[in-house]
Amino acid sequence: MAITFSSYWVSRQAVRSAIVDQELPLAASNIYAEIQKDFVRHVQLASTMANNTFLRDWMLHGERDVAALTKYLREVKGRYGAFTSFVVSERTANYYTGEGILKKISPQEPRDRWYYRVRGMQVPYEISDDPDMAHKDAMTIFINYRMHDPQGHYLGVAGVGITFDAVHRIVADYQKRYQRTVYFVDAQGRMVLADANNRNAPQQTNLSDRPGLARQLSTILAGKSGSYDYHYANRHYLLNVHYIPELQWYLFVEKDESEALSSVHRALYVNLLICSVVMVVVLSLAHLIVKHYQRNMELLATTDELTGLLNRRAFFLVMERHMVNYQRDAKPFCLLLIDIDHFKTINDRYGHDVGDQVLRLVAELLRNSLRRSDIAVRWGGEEFLVFLQGCEIADAMQMADALRLAVEQASLKVGDLNIQLTLSVGVSGYADDESTDACIQRADMALYEAKKTGRNRVCSA
């Protein structure tokens with residue numbers, strides 16, 4: 001009996017800890033990733049519309065070609081799966097949809113109050129639920145994004161809408177897949193979205209009316225994210241909260257502890273063999289989780305966080321393996337050492353954020369231009385190293401010049417400015433009697449020669 005009750009107590013605590021520390025946070029993280037796909041992309045779409053050059057220019061030039069705008073709105077709606085897309089002009093008060101001019105808004109019209117609310121906001125956008133006049137007053141979640149011209153003058157509102165039915169189906173799908181009660185709460189503690197068919201979801205619209213949870217609500221909303229528990233109706237609930245800044249909502253993922261522990265209650269009356277099996281399962285899951293995090297740590301240790309390319313440490317690990325293969329099959333290979341010309345000037349003139357964008361742009365061009373067998377590495381600062389497998393020096397020179405030309409023809413847009421980029425490239429082919437460091441050093445000497453002779457060129461060593 002002592003062993004049985006001890007096993008029950010340990011199992012009960014272990015399951016509760018697993019739910020609090022692993023299951024609920026992991027479910028919240030997975031659902032947040034789903035939200036990035038299902039919800040936040042609509043916020044990003046509204047932001048893209050509000051900052052779209054065509055749309056701003058169309059409004060600044062008198063809103064003359066309505067057909068062009070309606071075509072644009074139809075394409076946005078069709079391409080990105082929005083229920084509706086719209087633009088409201090401050091100058092003309094026209095409400096445009098993919099079907100044309102829906103109406104003129106008016107301060108005297110109660111159903112147009114949302115527009116004047118958005119016009120007076122200090123934040124760039126809001127998420128609201130309203131009936132959609134363009135679709136027979138279907139209840140819709142709107143993302144209303146403020147528009148401004150390049151001088152900061154207010155132009156109106158652009159945005160998209162998602163039907164409530166579609167959102168409810170998404171929430172129900174989350175619950176079905178993750179076997180958790182899922183609902184969304186705004187900054188005032190009001191439940192804005194839940195699955196109406198889930199009997200475990202709170203029935204109170206305002207969570208301050210739910211005993212047990214009400215006492216912690218202000219702490220939960222102030223803390224943004226974390227794990228909590230509370231009692232309600234003789235049940236103990238475990239809760240994980242995750243703040244979604246793009247939606248300005250809180251994601252609540254909840255589990256009834258008594259349901260989670262039902263199997264443990266039954267295990268109280270079984271023999272020690274069953275307890276041992278449960279312990280083995282728990283340890284196996286813990287082992288898998290540790291291995292999962294270990295793989296993530298290895299990835300972080302070998303990848304450059306800014307560009308997503310391999311880092312210097314990973315390159316030398318790859319080269320160690322390659323040199324072992326080279327002893328058996330001496331296929332030629334070359335190295336490209338690449339430097340972004342005048343990168344310090346870009347950082348000094350436009351700031352480090354723009355410098356980071358330049359590095360990411362060059363990294364993306366490298367990924368798109370290289371063969372699948374080639375390896376691009378963030379070597380340090382504004383330098384990149386490219387490993388070209390099975391490549392002679394003449395072919396490497398051609399590939400290097402193609403990379404240089406691709407970057408020269410690309411540009412980075414910063415506000416109203418286009419930043420032109422050029423590269424200097426040093427190329428070296430591996431010689432049988434040298435080390436990897438020596439080959440890199442020769443590429444570095446070639447790079448120095450390219451920079452010395454005027455930059456934006458390719459030299460070999």
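In this predicted model, the side chains of Arg 235 and Asp 256 meet in a salt bridge, with 2.5 Å from N to O. The pair links distant parts of the chain, since Arg 235 sits in strand E10 (residues 235–244) and Asp 256 in strand E11 (residues 249–256), 21 residues apart. Arg 235 is partly exposed, at 33% relative accessible area, while Asp 256 is buried, at 5%. Below is a friendly tour of this and other places to look.

**Salt bridges**

- In total, the structure holds 15 salt bridges, and the Arg 235–Asp 256 pair is one of them.
- Another joins the side chains of Arg 190 and Asp 186, at 3.2 Å from N to O.
- Arg 190 counts as partly exposed because its relative accessibility is 38%; Asp 186, at 8%, counts as buried.
- A further pair is Asp 348 and Lys 344, whose side chains meet at 2.9 Å, N to O.
- Both of these residues belong to helix H11, where they are four residues apart, or about one turn of the helix.
- Asp 348 is exposed, with a relative accessible area of 54%, and Lys 344 is exposed too, with 58%.
- Salt bridges with shared partners also tie Asp 401, Arg 404 and Glu 408 into one network.

- Helix H11 covers residues 343–350, and its buried residues are Phe 343, Ile 346 and Asn 347.
- Looking down the axis of H11, you would find these buried residues within an arc of 100°, so they line one face of the helix.
- The face turned away from that buried side carries the exposed residues Lys 344, Asp 348 and Arg 349; the salt bridge between Asp 348 and Lys 344 joins two of these residues.
- Among the elements that cover the buried residues of H11 are strand E12, helix H12 (352–369) and strand E16 (417–420).
- After H11 comes Gly 351, which has a positive phi, near 100°.

- Strand E12 spans residues 333–340 and is mostly covered: eight of its eight residues are buried.
- Phe 333, Leu 335, Leu 337 and Asp 339 point one way from the strand, and Cys 334, Leu 336, Ile 338 and Ile 340 point the other way.
- In a regular strand, side chains alternate between the two faces of the sheet.
- One partner of E12 is strand E14 (residues 383–389), paired in the antiparallel sense over seven bridges. To find the place on screen, look for Cys 334, which stands opposite Leu 388 in E14.
- Another partner is strand E17 (residues 423–429), which runs antiparallel to E12 and is joined to it by seven bridges. Here Leu 337 stands opposite Gly 426 in E17.

**A hairpin**

- Strand E2 (residues 94–97) and strand E3 (residues 100–104) run antiparallel, joined by four bridges.
- Together E2 and E3 form a hairpin, with two residues between them.
- Asn 94 stands opposite Lys 104 in E3.

- Phe 54 lies in helix H2, which runs over residues 53–60.
- With a relative accessible area of 33%, Phe 54 is partly exposed.
- Setting aside neighbours within four places in sequence, Phe 54 is in contact with Ala 68, Leu 69 and Tyr 72.
- Phe 54 and Leu 69 are 15 residues apart in sequence, and their C-alpha atoms are 9.0 Å apart in space.

**A nonpolar patch on the surface**

- Trp 9, Val 10, Met 279 and Leu 283 form a nonpolar patch on the surface, and together they have about 420 Å² of accessible area.
- Helix H1 (2–50) and helix H9 (272–302) are the elements that give two or more residues to this patch.
- Leu 283 has its place in helix H9, and Leu 283 is exposed, with a relative accessible area of 54%.

Terms used
Residues are numbered from 1 along each chain as its sequence is written. This is a predicted model: local features need pLDDT of at least 70, side-chain atom pairs count only at pLDDT 80 or more; totals for chains, interfaces and linings use all residues. Side-chain values use heavy atoms; hydrogens and water are left out. Buried means under 20% relative accessible area, exposed over 50%, partly exposed in between (1.4 Å probe, protein chains only). Two strands pair if DSSP finds at least two bridges between them. Contact means heavy atoms within 4.5 Å. Patches are made of residues with over 30% relative accessible area and no salt bridge: like charges are joined within 9 Å, nonpolar side chains (Val, Leu, Ile, Met, Phe, Trp, Tyr) within 5 Å. Accessible areas come from the Shrake-Rupley method with a 1.4 Å probe; for residues, only the protein chains shown count as cover. A salt bridge is a side-chain nitrogen of Lys or Arg within 4 Å of a carboxyl oxygen of Asp or Glu. The arc is that of the directions from the helix axis to the C-beta atoms.
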